[in-house]
Amino acid sequence: MTTPVLRVRGLGKRFGDVTALADVDLDVAEGEVVVVIGPSGSGKSTLVRCIDLLEEIDAGSVELDGELLGLRVDRRGVLRRMPARATAPQRRRMGMVFQSFNLFSHLTVERNVWEAPVRSLGEPLAEARARAQQLLERVGLGHKGDAYPVQLSGGQQQRVAIARALAMRPRLMLFDEPTSALDPELVGEVLAVMTSLAQERTTMVVVTHELQFAREVATRVVFMDAGRVVEQGTPDEVFGNPRTERLQTFLQRFSAAAS
Amino acid sequence: MDPAPTTQAPDARDSRPERRPWLWVAWVVLALLAAQVIAFVLRSDRLELPVVGEYLFAAPVLDGLVTTISLTAIATVLGALVCLARLSSLAPLRYLAAAWIAVFRSVPPLVQLLFWFNLAYLVPVLSIGIPFGPSVGEWSANDVITPWTAAVIGLSLYNSPYSAEIIRSGLSAVPRGQLEAASSLGLPARDTFFRIRLPQATRIILPPMGSQVISLLKGTSLVSVIAMTDLLGAAREVYTRTFEVVPLLIVAIVWYIVLVAVLTAGQSWLERRFSRGY
């Protein structure tokens, strides 16, 4: 069996007395679109933030293409936490899309997209700019390169954020509730971009409350509750035949809210 | 039901501004005051405007001006360095900077100038070397502490805590999400600081920093008590010789006003420059 792109084993994370994640295992193979659903506070966001090294993990391990993230084994065989400086190359291999977009507000849209490839990867400026333009066109914002983020709608900002993450040619794209901060009529344009990425077999982990998206786009759905993976399977299995009571309750609440 | 068309309803376009009779009174009072000031300036023979004109661009005054500007610039830069230490990831450096800020913010600038000028009494010999071990070089404190070095040290130390706190508050006001995005993109720490964090902080730092630099600029006039010829010192040197006290103070005043005007203009230009995207 080939090594999965992402392998999470026994992942644990606490915030003070609160257990955010407990013993989470997750494998993501190349080209898979894993959608993580669950109630608020179930640890979904913490999971992707731990994978992206934005939070220090307390237990277990995360591997990207078989390489430990944020940890290394030194010459004496002692496991050591890597300083932030040393993990930058690992972060570059993962693209992160935040709930609150987090575009660099003092930079133009175009520069938001090419800044990191130029500074982090050392790409030549001309090349990076041309690619930034291509990526902006791909998310339907080719004409907004000179605008500042504040001049764009939330949906447009989030599409720029996706282009910015893609500019690093990541192995894995992580989405942390990408549509939760958007007005309802703007959600569709962002989901459309994500759907097209999925169709191109981009490896993705998506945390979202958009169950319709999970049903249509996911290759696998993971249901989390209270910091644990409770159930996972194909969308048909998870939505059509929920085995645990917690998932049944969760889905009922959602369909009640939708109707 | 549609509202019936009507001709009686008032139209805002027909309205006139409210009457303000006191506004005219205020204008008249202001005009009278201005006329009085102008008349005083034109008629007073003690103001000696020709003398002001004569010394405005005189060599000693311009030298003093350069001293004033250099002192301001050096003390501002040193303040920024203390701030970097205050934010360093090395705990000892951070504590040193915090202690530095606590001490030097408490001592009045005039007291500091006098203290550093008289350092030779406390420490006759300055030496660099291994602590409690052999020394590499030694200098007589009397030679090292000139009015110039005492002024630089005193003003820099006095100013650095203020600048450091202003810069620190600006840096910590940059939203966490901006830094998370930079970190997630694997931007090197240096680029994250200089291209993401500092430019965004500058927008917040500029207004208080502008006031701080202006007050430092004016504070440099204190150095004339340790025989330093800054702008005020130069004016004093001339008037102790010629007794044209008021005209030379006016020369100094004009230059202070010009410098502050230039700083203010620079500040608003920078503020516009760094408010792009907000």
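User: Let's begin with B:Ser140: which strand is it found in?

Analyst: A quick word on ground rules: this is a predicted model, where local features need pLDDT of at least 70, side-chain atom pairs count only at pLDDT 80 or more, and totals for chains, interfaces and linings use all residues. Residues are numbered from 1 along each chain as its sequence is written, chains are lettered from A and ligands numbered from 1 in the order in which they are written, and side-chain values use heavy atoms, with hydrogens and water left out. Helices (H or I, at least four residues) and strands (E, at least two) are DSSP runs numbered from the N terminus. On that basis, B:Ser140 sits in chain B, in strand S2.

User: Why does B:Ser140 count as partly exposed?

Analyst: Buried means under 20% relative accessible area, exposed means over 50%, and partly exposed is in between (1.4 Å probe, protein chains only). B:Ser140 is partly exposed because its relative accessible area is 32%.

User: How far apart in space are B:Ser140 and B:Phe40?

Analyst: In sequence, these two are 100 residues apart. In space, going C-alpha to C-alpha, the figure is 54 Å.

User: Which strand does S2(B) pair with, and in which sense, parallel or antiparallel?

Analyst: Two strands pair if DSSP finds at least two bridges between them. Here there are 5 bridges, joining residues 135-140 of chain B to residues 125-129 of chain B. One of the bridge pairs is B:Gly129 with B:Ser135. The partner is strand S1 of chain B, and the sense is antiparallel.

User: Which residue in the turn of that hairpin has a positive phi?

Analyst: S1(B) and S2(B) have 5 residues between them. The one with a positive phi, about 60°, is B:Phe132.

User: What covers the buried residues of helix H9 of chain B?

Analyst: H9(B) runs over residues 176-184, and its buried residues are B:Gly177, B:Gln178, B:Glu180, B:Ala181, B:Ala182 and B:Ser184. After H9(B) comes B:Gly186, with a positive phi near 70°. The cover includes H1, H2, S8 and H5 of chain A together with H10 of chain B.

User: How much space lies in the largest pocket?

Analyst: On a 1 Å grid over the protein atoms alone, a pocket is an open set of points with protein on both sides within 12 Å along at least five of seven lines, a cavity is a set where a 1.4 Å probe fits but cannot get out, and lining residues have an atom within 4 Å of a point. Grid points are joined across faces, edges and corners, and a volume is the space filled by probe spheres set on the points. H1 and H2 of chain A and H9 and H10 of chain B each supply at least two lining residues. The space comes to about 1,200 Å³.

User: Which helix gives the most to the lining of the second largest pocket?

Analyst: That pocket has a volume of about 400 Å³. Of its 20 lining residues, the closest to its centre are B:Ile167, B:Thr202, B:Ile205, B:Leu206 and B:Met209. With 10 residues, the top contributor is H10(B).

User: What is the volume of the largest cavity?

Analyst: The search of the whole structure finds 1 cavity of 30 Å³ or more. H5(A) supplies the largest share of the lining, 3 residues. The volume is about 40 Å³.

Technical notes
Contact = heavy atoms within 4.5 Å.
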